[in-house]
4 protein chains.
Amino acid sequence: MTRRTFLAGSAALGVRAVLVGQQSPVSAGSADAALIEDLVAGYRILAQQGVLDGFGHVSARHNRSANRFVMSRSLAPELVTAGDLLEFDLDGNAINANGRAPYSERFIHAEIYRARSDVGSIVHAHAPSLIPFGVTGVPLRPVYHMASFIGSGVPVFDIRKQFGMTDMLVSDSAKGRALAQTLGDKSCVLMRGHGVAVVGGTIPIAVGRSIYIEMNARIQAQAMSMSGNVTYLDPREAQKVMEAGENRGYERAWELWKSKAMGK
Amino acid sequence: MTRRTFLAGSAALGVRAVLVGQQSPVSAGSADAALIEDLVAGYRILAQQGVLDGFGHVSARHNRSANRFVMSRSLAPELVTAGDLLEFDLDGNAINANGRAPYSERFIHAEIYRARSDVGSIVHAHAPSLIPFGVTGVPLRPVYHMASFIGSGVPVFDIRKQFGMTDMLVSDSAKGRALAQTLGDKSCVLMRGHGVAVVGGTIPIAVGRSIYIEMNARIQAQAMSMSGNVTYLDPREAQKVMEAGENRGYERAWELWKSKAMGK
Amino acid sequence: MTRRTFLAGSAALGVRAVLVGQQSPVSAGSADAALIEDLVAGYRILAQQGVLDGFGHVSARHNRSANRFVMSRSLAPELVTAGDLLEFDLDGNAINANGRAPYSERFIHAEIYRARSDVGSIVHAHAPSLIPFGVTGVPLRPVYHMASFIGSGVPVFDIRKQFGMTDMLVSDSAKGRALAQTLGDKSCVLMRGHGVAVVGGTIPIAVGRSIYIEMNARIQAQAMSMSGNVTYLDPREAQKVMEAGENRGYERAWELWKSKAMGK
Amino acid sequence: MTRRTFLAGSAALGVRAVLVGQQSPVSAGSADAALIEDLVAGYRILAQQGVLDGFGHVSARHNRSANRFVMSRSLAPELVTAGDLLEFDLDGNAINANGRAPYSERFIHAEIYRARSDVGSIVHAHAPSLIPFGVTGVPLRPVYHMASFIGSGVPVFDIRKQFGMTDMLVSDSAKGRALAQTLGDKSCVLMRGHGVAVVGGTIPIAVGRSIYIEMNARIQAQAMSMSGNVTYLDPREAQKVMEAGENRGYERAWELWKSKAMGK
């Protein structure tokens, strides 16, 4: 990744239509090495932890521009290396594709970054344990403190409501916007018959939440099968966990996950 | 595998009875190296992904003759190498066995290739999560976009209907034909008290479908245990996924699966 | 293991009481190398396949004497080597212990070998999926052809019936005999609140059955959770599978299991 | 770990308040090498067996002082080495932190050691299969002999009862004391919406119980899903198992677990 001049705002909203299909947007410059390292780790960690399989993706907002984000070219998560990372603007245009195909659902990421300035990283996954909560109307709720980040609820996005019969993919800006609207100010949004999008301020937080929302789904399903009367975390308990520093930023686990996923 | 003259139709239907036990059918010649590589990978991928265990098999239609297909000699999937592949005609006769035992259920493959010119690859498996759908009357339906290939339904073959009390195996042409008839124009057919047969135009598609029908079965069972009111993909949604290029031919995942299964 | 003279019948039933605690019974001589190799493989395979954990054991009847059997000294299955194998008589006396502790439940094996001349190998396991069938009264039945060996039923042994409050272990000949009586002429017997004993004519058959009874338990539990109306194999179908050569002696799978478990 | 003079009682209860924040308590001296080795193994075993993930911890009472215990600095279990172990007094003060952060929930350990002189080792875990039993009111009971240590019941600690809305963590002595009181004389205590604490006389026993309480939870949930009438171990049976030497001190399994977790 070659360094280029930092040109914040070059892909500002007003010129979006003009840029598409006409000229490549200008790069925000190289992302920090630490961010790149964590992003590659994020792909591999989520594959190793069974949240992603051959599909799904992770992104991070560019550290030099709020209007840029970084994610892999279309590639299975477990195979992603730093050399596969592309820079995108918030319309989903790749800055440095050089013929490499982007993920068709990059608009999930683009539109959430546009709508949520607090978000620094996003995961999109099809984890099997989460799908049932998107297709049954059963609300996903925190059964233990590790999932306090869903204490204020997990909305469900049904693409059918606004877009009718589709191929289920969030493959353009309009669909991405609708998804971002359903997400609102929450940490996660289920996608009916499809998967989930999880957001966080940092890569370790988005990745950690993806791991523990999946775990919570399994535990909740098990608890519900045992009793009609499950005691979930009180929203105030969940709030206190978040205020105390949500799982301490997943730092302790991140160190482990990263060392295992990167094989060192 | 030595090259021989391409003699399409040498095992045409009319002379089937004569050939059996009398003379070995003529080979269609060497299959493409890429097809052989993918077929070996298919065996190993499905073992690694937990769809096959010590039993079950994968085949591919021969690239030089629509009347020939290639599959391993009787061997556990995880152990299959290129040297174990045999060529068969559509009556299930091995062309180049040289004393090596074929799978007794090769007729599953032979008769589906005969009935379905669009099919290029077939998987037969006993995946545990699929068995319940074959013995309960609960229809297998797509809970998410990854399983859109079953959007038009999964028929159940009950060998008992036509053949009465058997050893459950599809071990001759008549049973293979009955199975192919139950499959009809679908992508998958469950076999009551036995397993499944999955077809596709290519090896990656048949293998990918085998992986995601298994995943869908697990997810659907979980969803059903949580609610009596599961929202499946609308058949038109499933159709749109298929038209948009069913999971993009599983290309992205295939690259991963293959690299993991072949240890490189 | 040094070779000794073959003395069949030296531990005949009539002199059992005399021998115990008085003099070590005479060895039947070295067991065949192939039997020893398969027995060690059996321990490791069942550990690798998740049927055994740190507890449980496998044995084989001695090839030189119907009154002797071979099993490991008290050791976790995954650690067993040929050097850990001991020879026992049918009263559970070790011939060649040399201070090494035997499994306290060797009487499971001893008494089944005494009662069933057709049995050549026995597995005792605590596999988690099997325990529920021993404590609920729900009969374990074959949901697919791979488990045809339980087509005639799986009895449940409740140690409490004859022995009242115990430490649950089959740790003497009387308890072993009661278990063997409950087993009768079947292939498997569940032990309430404890585990299972599985028998077979050969080591691969006893091991293969242990793997597939566990698999069947998981599948059956899943099927039952989906429907109150599960179609099990007809007893005549199960019988036909057995007559056709029960999973072909597990030969194809055995080759795979052994190569994986022995790391070659 | 440097050797220091053994000064039992230096952190006696009466001077607790004075010591906190004023001067570091005096070390009881180096713990035995065998205890350190087993403690490190305990962390790694529980990670490998799926009882701990990136969170949770194991401790052992110091062999030189009943008022000291040893546990890792704040670190993911799988990464713990002997150099990460810290010594604590029963108020949760680290003796030799040297700037290394302790686990915030060390008070679980401190207060149980204070209350239970018979306890030599403690595990705190968030194992997914145990959470449902803490949030549904369904009592955890022994379905098989391997879990006889819960034969007298598993109490559930609800932090809300005494402390109202919290961040769910047992992060001070008062909360630790309340947890220890709920534990009483039992072997395990579930923590509502959080996890479990498991105690034992030795590290292998606390670790072994942690593994088998998790296993029992999975089996019990499965059994309950199959029948409303599960036969649990009779309390007298459980008692007899304990008297006969609870799973023989887990010795046989410990040898295996340790060799696998320590990679030798």
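Trainee: How many residues of chain C are in contact with chain D?

Mentor: In this predicted model, 30 residues of chain C are in contact with 31 residues of chain D. Contact here means heavy atoms within 4.5 Å.

Trainee: How much area do chain C and chain D bury between them?

Mentor: About 2800 Å², with 66% of it on carbon and sulfur atoms. On the chain C side, C:F55, C:V135 and C:M165 lose the most area to chain D, together 23% of what that side buries.

Trainee: Why is A:H62 called buried?

Mentor: Buried means under 20% relative accessible area. A:H62 has 5%, so A:H62 is buried.

Trainee: Where does A:H62 lie, and which residues does A:H62 touch?

Mentor: A:H62 lies in the loop between strand 1 (57-61) and strand 2 (68-72) of chain A. Not counting residues up to four places away in sequence, A:H62 touches A:A28, A:G29, A:S30, A:A31, A:R68, A:F69, A:V70 and A:E87.

Trainee: What makes the approach of A:H62 to A:R64 a polar contact?

Mentor: The side chain of A:H62 reaches the backbone nitrogen of A:R64 at 2.9 Å. The cut-off for a pair of N or O atoms is 3.5 Å, so the distance of 2.9 Å meets it.

Trainee: Which residues are the closest to the centre of the second largest pocket?

Mentor: The second largest pocket holds about 400 Å³ of space. Of the 23 residues that line it, the closest to its centre are B:G50, B:L52, B:D53, C:Q49 and C:M215.

Trainee: Which helix gives the most to that lining?

Mentor: Helix 7 of chain C, with five residues. By class, the lining has 13 nonpolar, five polar and five charged residues.

Definitions and conventions: Residues are numbered from 1 along each chain as its sequence is written. Chains are lettered from A and ligands numbered from 1 in the order in which they are written. This is a predicted model: local features need pLDDT of at least 70, side-chain atom pairs count only at pLDDT 80 or more; totals for chains, interfaces and linings use all residues. Side-chain values use heavy atoms; hydrogens and water are left out. On a 1 Å grid over the protein atoms alone, a cavity is a set of points where a 1.4 Å probe fits but cannot get out, and a pocket is an open set with protein on both sides within 12 Å along at least five of seven lines; lining residues have an atom within 4 Å of a point. Grid points are joined across faces, edges and corners, and a volume is the space filled by probe spheres set on the points. Helices (H or I, at least four residues) and strands (E, at least two) are DSSP runs, numbered from the N terminus. Ala, Val, Leu, Ile, Met, Phe, Trp, Tyr, Cys and Pro count as nonpolar, Asp, Glu, Lys and Arg as charged, and the others, Gly among them, as polar. Buried means under 20% relative accessible area, exposed over 50%, partly exposed in between (1.4 Å probe, protein chains only). A polar contact is a pair of N or O atoms within 3.5 Å; within protein, one must be able to donate a hydrogen and the other to accept it, and residues adjacent in sequence count only if both atoms are side-chain atoms. Buried area is the accessible area (1.4 Å probe) that two parts lose on being put together, summed over both.
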